[in-house]
Every structure is written in C-alpha cells, then in structure tokens.
Amino acid sequence: QVQLVESGGGLVQAGRSLRLSCAASGNIFSISALGWYRQAPGKQRELVAHITSGGTTNYADSVKGRFTISRDNAKNTVFLQMNSLKPEDTAVYYCNALLYSSSTLKLYWGQGTQVTVSS
C-alpha cells in the first residue's frame, strides 16, 4: 500500500508565499516522476509542475518564474515553493507520484490541500 500526504496549504494574501510538501510512504521500490496539479472550483484539474527522477522540471506557463518544484529522494518527498501568489492560484493542490511498488508501475495521488489567496 502506498500513501501520498500533502501539507502546507492555507490562506495567504496576494504577493505572499507558501511551501507545499508531499510525502510518499508505504511499499515503494523507486519513484520515477513527481508532480503537482491543481483544481479550482468549476475548472478541470491542471498540471502545475512536474519533476523527473533526473531532476528535469517543467511548469505551467501561469506559474513559471513564481513556483519551484523540488524533490528529496531520500525522504520520498516533493515540494512546491510558491512565491508571489495571486488570487487566481486559489485551488486544491494535489501531488502525484509515478512509482514502482513491488514490480508494478502505477500513478498515485494525494488527497489534496487547499490553497486560498486573498486579494
């Protein structure tokens, strides 16, 4: 069994920062890629940032230059540093992990953490 648990969400004013964390635990052999997605009310879930096992990153255009994704392989944890937050960043943020559990490659999702940015 594999679990992803996000933390670090909350309510902040526009222009401030938040740092999200997502820790994977359980029967994990190796983690390939990690990502952060978000879903605002009435909208589809969208990719925010993604990082491969080799450290290659990519970002949604809307967050480039403001958000930074990073990972701690020793702790099976992925982070999302969010700076210069805007009201339009308000959403539930989900992490995911493409990982090997036993001999099976599978995509896992966290339960989500709410980020609310006030103007």
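**An open four-stranded sheet**

Four strands make up an open sheet in the order β1-β3-β8-β7, and the pairing is antiparallel. At the edges are β1 (2–7) and β7 (67–72), each of which pairs on one side only. From one strand to the next, the twist averages 15°. The model is predicted. Strands of a sheet pair through backbone hydrogen bonds, and the pairing can be parallel or antiparallel.

**β1 and β3**
- Strand β3 covers residues 18–26 and is joined to β1 by six bridges.
- The two strands, β1 and β3, run antiparallel.
- Within this part of the sheet, leucine 4 stands opposite alanine 24 in β3.

**β3 and β8**
- Six bridges also link β3 with β8, in the antiparallel sense.
- Arginine 19 has glutamine 81 of β8 standing opposite.

**β8 and β7**
- The pairing of β7 with β8 is antiparallel and extends over six bridges.
- In this pairing, isoleucine 69 stands opposite leucine 80 in β8.
- β7 and β8 form a hairpin, with four residues between the two strands.
- Asparagine 76 lies in the turn of this hairpin and has a positive phi of about 50°.

**Burial of β8**
- How many of the six residues of strand β8 are buried? Five of them are, so strand β8 (residues 77–82) is largely enclosed by the rest of the structure.
- A residue is called buried here if its relative accessible area is under 20%.

Terms used:
Residues numbered from 1 in each chain as written. Predicted model: local features only at pLDDT ≥ 70, side-chain atom pairs only at ≥ 80, totals over all residues. Heavy atoms only, no water. Pairing = 2+ DSSP bridges. Axes fitted to C-alpha atoms, helices over the stretch in contact; angles between N-to-C directions. Buried < 20%, exposed > 50% of the residue type's maximum accessible area, 1.4 Å probe, protein only.
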